[in-house]
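User: I would like to go through this protein chain in questions and answers. Please give the cut-off behind each term when it comes up.

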Amino acid sequence: MHAVRKAESVYFLDTCQKKKTLASFHVENEKATFDRFVSKDLEEAVCNENLRCIKHIAFSHCKIESKVLFDFFWRCPKLLRISLIESKVILSNNPGEIIQVVIDGYGDCVQTIELCDTKISKTIFYDLLAKCPNLEQLQCFRSKIISSFGDEHYVRPIELKKLNSVIMPKVEMDDAVIVSICQSAENLQQLDLSFCATLSSDGLFMACDYLTNLTKLSLKNTTITDNDLLEICKKNESLTFLNLSFCTKLSSNCIRESLFRCNFLESIILTGTSLEDWDLVKICKKFKSVKVLGLGFCTCLTQEVFFTLSTLEELEDLDLRNTSVEDQALRQIADTCKKLKIIDVLGCKNVTVYGERFLRQNKIEQFTQQVEDEKEIGVCALW
């Protein structure tokens, strides 16, 4: 990827013209502001026939006007991917220009949009999605989709029939944003809303209510409540992955009943929930073929219940951090779960050096490195 590290648009223009076969380029400058005046130079650069093969454009640490951003859609007809990293997208002085670019029909090739630590208004975000009818992946990390003056109730019809993956951990947005996305993406299969603290339980339910083909769902550390989770699982019986880590508003009984509505679960992450012995026993009987099971920080589980895990013969990855599990239970699990590859016993005070030695002898990998914030574990490796 070619990197441009100077704010002067003349330098950028000269660099682009010298590059004969540019497939992607990266604009990066902490003080760079790409407004309508700089846009003219950008347009001239991208108009060069040698640059029409561009497939990926990335803006890092930039303040970019929306008109400039949308210019790339029709200047680069083969554009597949757009990335905004630690940037801020500001609205054009003439919003009508943006709408005109959108309805021109360019952007059909874009398959992936990435926002990382980026601030963008709802108006621009909706227009960006509407511009990409063939979008397949939407990835937003720690970004802010905010309402600016006049667009609090702005809604733009979008149709994303090919969108199959929405990964949005730690994104600040209101319920209307995620509901609009899910409403337009009837074939969505993967949805990650981990750490989305600004979303209400009703908003999570309304968003998932439009979805019936989900296979992977993460609601880690959200405000989801019992009734809403039950309804979500009822409509998405084909789930194979479900992450409910640190969903503190869920009761143990609701967790069990929700899981029972999904018959194909292979990965169940219940870290930091209020799960109790009786419900765990029932879950183990129902899902004997589960491959990944997260029970870390489940402080309501007693020592005896961990012996039940030995019935999960297909188990490959087990999280028991900060639980009351003992050496004996670990030995029985390791003896019967022949496919077990990873087990995490970090912070388990009842596990001695003998228990850890037995795991090593059975070639079972352990996690021993302390993590500062336990709730952050695995946020970027949910699938």
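Analyst: Buried means under 20% relative accessible area, exposed means over 50%, and partly exposed lies in between (1.4 Å probe, protein chains only). This is a predicted model, in which local features need pLDDT of at least 70, side-chain atom pairs count only at pLDDT 80 or more, and totals for chains, interfaces and linings use all residues. Residues are numbered from 1 along each chain as its sequence is written, and side-chain values use heavy atoms, with hydrogens and water left out.

User: What percentage of the residues of the protein chain count as buried?

Analyst: The protein chain holds twelve helices and 20 strands. Helices (H or I, at least four residues) and strands (E, at least two) are DSSP runs, numbered from the N terminus. Of the 383 residues, the share that counts as buried is 51%.

User: Is Phe246 buried or exposed?

Analyst: The cut-off for buried is under 20% relative accessible area. Phe246 has a relative accessibility of 8%, so Phe246 counts as buried.

User: Which residue forms an aromatic pair with Phe246?

Analyst: The whole structure has two aromatic pairs. Rings of Phe, Tyr and Trp (its six-membered ring) pair if their centres lie within 6.5 Å; planes under 30 degrees apart count as stacked, over 60 as edge-to-face and the rest as tilted. The pair with Phe246 is tilted, at 6.0 Å centre to centre and 50 degrees between the planes, and the partner is Phe297.

User: How many residues apart are Phe246 and Phe297?

Analyst: Phe297 is also buried, at 19% relative accessibility. Phe246 is in the loop between strand E15 (241-243) and helix H9 (252-260), while Phe297 is in the loop between strand E17 (292-294) and strand E18 (317-319). The pair links distant parts of the chain, and the separation in residues is 51.

User: What is the angle between the planes of Phe260 and Phe287?

Analyst: Phe260 is in helix H9 and Phe287 in the loop between helix H10 (277-286) and E17, 27 residues apart. Phe260 is partly exposed at 30% relative accessibility, whereas Phe287 is buried at 4%. Their rings are 6.4 Å apart centre to centre and form an edge-to-face pair, with an angle between the planes of 65 degrees.

User: Which residue lies over the face of Phe260?

Analyst: A charge sits over a ring if NZ of Lys or CZ of Arg is within 6 Å of the ring centre and within 35 degrees of the ring normal. Lys170 lies over the face of Phe195, at 5.4 Å from the ring centre. For Phe260 the distance from the ring centre is 5.8 Å, and the residue is Lys286.

User: Which elements are among those that cover the buried residues of H9?

Analyst: The buried residues of H9 are Ser252, Cys254, Ile255, Arg256, Ser258 and Leu259. Contact means heavy atoms within 4.5 Å. The covering elements include E15, helix H8 (226-235), H10 and strand E16 (267-269).

User: How many disulfides does a search of the whole structure find?

Analyst: A disulfide is a pair of cysteine sulfur atoms within 2.5 Å. For Cys254, the nearest cysteine sulfur is that of Cys233, 7.9 Å away; Cys254 is buried, with a relative accessible area of 3%. For Cys300, the nearest cysteine sulfur is that of Cys298, 7.9 Å away, and Cys300 is partly exposed at 40%. The number of disulfides found is zero.

User: Which residue of E10 stands opposite Ile113?

Analyst: Strand E8 (residues 112-116) has five of its five residues buried, with Thr112, Glu114 and Cys116 on one side and Ile113 and Leu115 on the other. Two strands pair if DSSP finds at least two bridges between them. E8 pairs in the parallel sense over five bridges with strand E6 (residues 81-85), where Leu84 has Leu115 as its bridge partner. E8 also pairs in the parallel sense over five bridges with strand E10 (residues 137-141), and opposite Ile113 stands Leu138.

User: With which side chain does the side chain of Arg142 make a polar contact?

Analyst: Arg142 is in the loop between E10 and strand E11 (144-146) and is partly exposed at 40% relative accessibility. Not counting residues up to four places away in sequence, Arg142 touches Cys116, Asp117, Thr118, Pro169, Lys170 and Val171. A polar contact is a pair of N or O atoms within 3.5 Å; within protein, one must be able to donate a hydrogen and the other to accept it, and residues adjacent in sequence count only if both atoms are side-chain atoms. The distance here is 3.0 Å, and the partner side chain is that of Asp117.
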